[in-house]
Amino acid sequence: MDGIYGDITKVETTGASQKTAKQDSLGVQGVEASHKLAQSDLTRMNKYKDVITKVAKAHKIEPAVIAGIISRESRAGAPGVLTNGWGDHGNGFGLMQVDKRHHSPKGEWNSEQHVTQGTEILIDSIKQIQKKFPSWSKEQQLKGGISAYNAGVGNVRTYERMDMGTTGDDYGSDVVARAQWFNKNGF
């Protein structure tokens with residue numbers, strides 16, 4: 001499904017930084033590392049596939065993009081990543097790590113209501129990037145919105161350096177590469 005916010009398969013990406021790849025003690029970085037991280041999350045992600053697909057369809061965004069964010073933010077609810085649904089030192093909630101400092105988290109940590117809220121925050125970020133950078137292609141705006149989901153719209157200043165200041169300085173590129181993998185693997 002091609003989302004109205006761009007085609008994730010056409011977004012340029014360099015993938016995960018070495019710092020991000022170290023989560024799974026990977027000896028590689030870049031797109032290969034992002035794909036391995038996504039692959040290791042697939043079994044857990046499949047538990048949420050129906051919810052992700054339903055929310056994606058309702059919001060006209062590719063399910064793989066939501067899966068990419070869930071993989072990056074919570075490793076699809078992997079043991080030890082979240083405590084009672086909370087991560088990021090008690091600031092991020094749920095599969096999509098909605099930040100309580102900026103939003104009032106809704107629903108259970110792994111619920112459709114939560115995935116809907118996270119997706120709406122993502123779409124709002126994409127729309128703000130579209131306004132800020134109207135000359136960018138839809139795919140560049142999609143990647144910018146993904147980066148902004150992590151570090152805020154104000155952090156995205158140029159296309160080439162949008163990930164500087166995000167977690168691991170690779171957020172948009174890593175999520176895009178994971179989403180591309182999920183796109184090829186059932187999402």
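1. Start with the loop between strand 1 (86-87) and strand 2 (92-93): that is where Asp88 sits in this predicted model. Asp88 is partly exposed, with a relative accessible area of 42%. Leaving aside residues up to four places away in sequence, Asp88 touches Gln97, Asp99 and Arg101.

2. Now for Glu73, which belongs to helix 4. Is Glu73 buried or exposed? Its relative accessible area is 18%, so Glu73 counts as buried, the cut-off being under 20%. Again skipping residues up to four places away in sequence, Glu73 touches Val81, Leu95, Met96, Gln97, Tyr149, Asn150 and Tyr171.

3. On to the packing. The largest nonpolar core has 35 residues, and Ile61, Ile66 and Ile146 have the most contacts inside it. At least two residues of this core come from each of helix 2 (30-46), helix 3 (49-59), helix 4 (63-74), helix 5 (112-132), helix 6 (138-151) and helix 7 (171-184).

4. Ile66 is worth a click in the viewer. Not counting residues up to four places away in sequence, Ile66 touches Ile52, Val55, Ala56, Ile61, Met96, Val115 and Thr119. There is also a second, separate core of eight residues, including Phe133, Ala148, Val153 and Met162.

How values were computed: Residues numbered from 1 in each chain as written. Predicted model: local features only at pLDDT ≥ 70, side-chain atom pairs only at ≥ 80, totals over all residues. Heavy atoms only, no water. Core = buried A, V, L, I, M, F, W, Y, C linked by side-chain atoms within 4.5 Å. Buried < 20%, exposed > 50% of the residue type's maximum accessible area, 1.4 Å probe, protein only. Helix = DSSP H or I, 4+ residues; strand = E, 2+ residues; numbered from the N terminus. Contact = heavy atoms within 4.5 Å.
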